[in-house]
Every structure is written in C-alpha cells, then in structure tokens.
Amino acid sequence: MSAIETMRIEIVGRQSSHYTRVVRMLALELGIDAPLAPIFDLMSTDPATYAGNPALKLPALRVGGDTVWGSLNACRHLARQIDGGEALVFWPEDARTPLLMNAHEIVTHAMAAQVEVVFHEIVSKRPPDATSRKRRESLLGCLAWLDAHLDAIRGQLPGDRIALFDLMLFCLLEHLPFRNPVDLSGLPALTAFVADFGARASARATPYRFDAPPPEASGS
C-alpha cells in the first residue's frame, strides 16, 4: 500500500469559495482523495477555524500532521503527494511568454477582486464608494482582457499538463453568477470556455453551494 493510501489528506475550506474549488478540482484531476472539511463560520476570528492560519483566510490543506495555507501552496503540496505530480501541472511560474505571465497575473488579481467585491457589495451591503467602484471596474476590465486574449492564452498552454490557469479561470467565472452576477453575454470566449470546461468530471463534482452546519443533536 502506498503512502498516499495511508495518509489522511483533507482540504479545509468552503464549497462556496472559488479558491477552495481550485484545490478540490486539482485533487480530482490528479486522482487524489481529498475530502472537504468545511468552514462554517466565515466571520470567525479564531485561527483554529482556518486550520491555524493567523491571516484568517482559506483554504488550507492537511496532509497527515502537516498543514499548508493558501490555494497555491495547497495545490503544490497536493501535487507532491503522488510520484511526478508536480510535473503533471502547468504552474504560474512555468509561464515563459509575456502573454502567459500576464494571464496568470490577471486571473489571480480577478479572483482577489471578486472576493473584495462580494464582501463589500453583497455580504456587508455597503454603499458604493470610490474604492468599490474602482474595484468593480478592475474586475470587469480583467474579464474583458481575458476574453479578448483567451484563445491565444490557451494556445500557449501545454495540452499534456493540467493548467492551473484553466482551473482558476473556470472557478472564477462560475463564481460570478453564484455570488456576484455579471453579464458575460458580451464575452463570448469566456462563455464558451465555461460551457466546455464545465463538462469535466472535476467541475461537475464541485458545484458551488453554501455550507450549512449540521443540525445540533437533540437531547434525549
């Protein structure tokens, strides 16, 4: 029996998080059993809620007695759990052309901007201000750039490796209608990408849902 079959691997995060979904999808793409340990209280200020992360952020990955924080670290540590796993993935630092380097920068920024927009406008229901307007314009500008360059970007990605860019972009785009409705009808390349990538087994197995804590056991 291999080490990975005897070692507990667990993703700590939320089914409603695009960062968590990237890690969950990569696990499925790599054939690694990594169940989700859901975080129910996103407003908790206890690092223990976030697998010990003092930044109070998700996701995290537990492998045996070790824990790593952040989606990129989690993805990398996850891939290292199988022989040659890292070589199966095209990582952001593998980008060698300006287009691919910029593509990873933009999708990373857009994912962060999406979180900020959702917290400001939808969770906190705060009125618009100069900062929030710039943040939303930044997100929309990133989407427009990605749509205009997507064919060229994907043409430079290797077809024989799992592109983290694809996972990140898909999770971002599906998160928009789930938490921050954005009209993508004028972005045909992104719309077609979501439809195509959404047919993958890893995508079908990780739909966005809100995590609800289990009901408390009633007393006898």
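Guide: Two strands pair if DSSP finds at least two bridges between them. Strands (E, at least two residues) and helices (H or I, at least four) are DSSP runs, numbered from the N terminus.

Visitor: What kind of model is this?

Guide: This is a predicted model, in which local features need pLDDT of at least 70 and side-chain atom pairs count only at pLDDT 80 or more, whereas totals for chains, interfaces and linings use all residues. Residues are numbered from 1 along each chain as its sequence is written, and side-chain values use heavy atoms, without hydrogens and water.

Visitor: In what order do the strands of the open sheet run?

Guide: The order is β2-β1-β3-β4, and the pairing is mixed.

Visitor: Which strands are at the edge?

Guide: β2 and β4 (66–69) are the edge strands, each pairing on one side only. From one strand to the next, the twist averages 25 degrees, an angle taken between N-to-C directions on a scale from 0 to 180 degrees, with axes fitted to C-alpha atoms (for helices, over the stretch in contact).

Visitor: How does β1 pair with β3?

Guide: β1 and β3 (residues 60–63) are antiparallel, with 4 bridges between them. Isoleucine 9 faces valine 63 in β3, and isoleucine 11 stands opposite leucine 61 in that strand.

Visitor: And how many bridges join β1 to β2?

Guide: There are 3 bridges between β1 and β2 (residues 36–38), and these two strands run parallel. Proline 38 in β2 is the residue opposite glycine 13. Between β1 and β2 the chain passes through helix α2 (residues 18–30), in a right-handed β-α-β crossover. Right-handed here means that, with the strands pointing away from the viewer, the path from the first strand over the helix to the second runs clockwise.

Visitor: Is β1 buried or exposed?

Guide: In β1 (residues 9–13), 5 of the 5 residues are buried, so the strand is largely enclosed by the rest of the structure. Buried means under 20% relative accessible area, exposed over 50%, and partly exposed in between (1.4 Å probe, protein chains only).

Visitor: Which way do the residues of β1 point?

Guide: Ile9, Ile11 and Gly13 point one way, while Glu10 and Val12 point the other way; all of them are buried.

Visitor: Changing topic, at what angle do α4 and α5 pack?

Guide: Helix α4 (residues 98–123) packs with helix α5 (residues 130–156) at about 145 degrees, and their axes are 8 Å apart.
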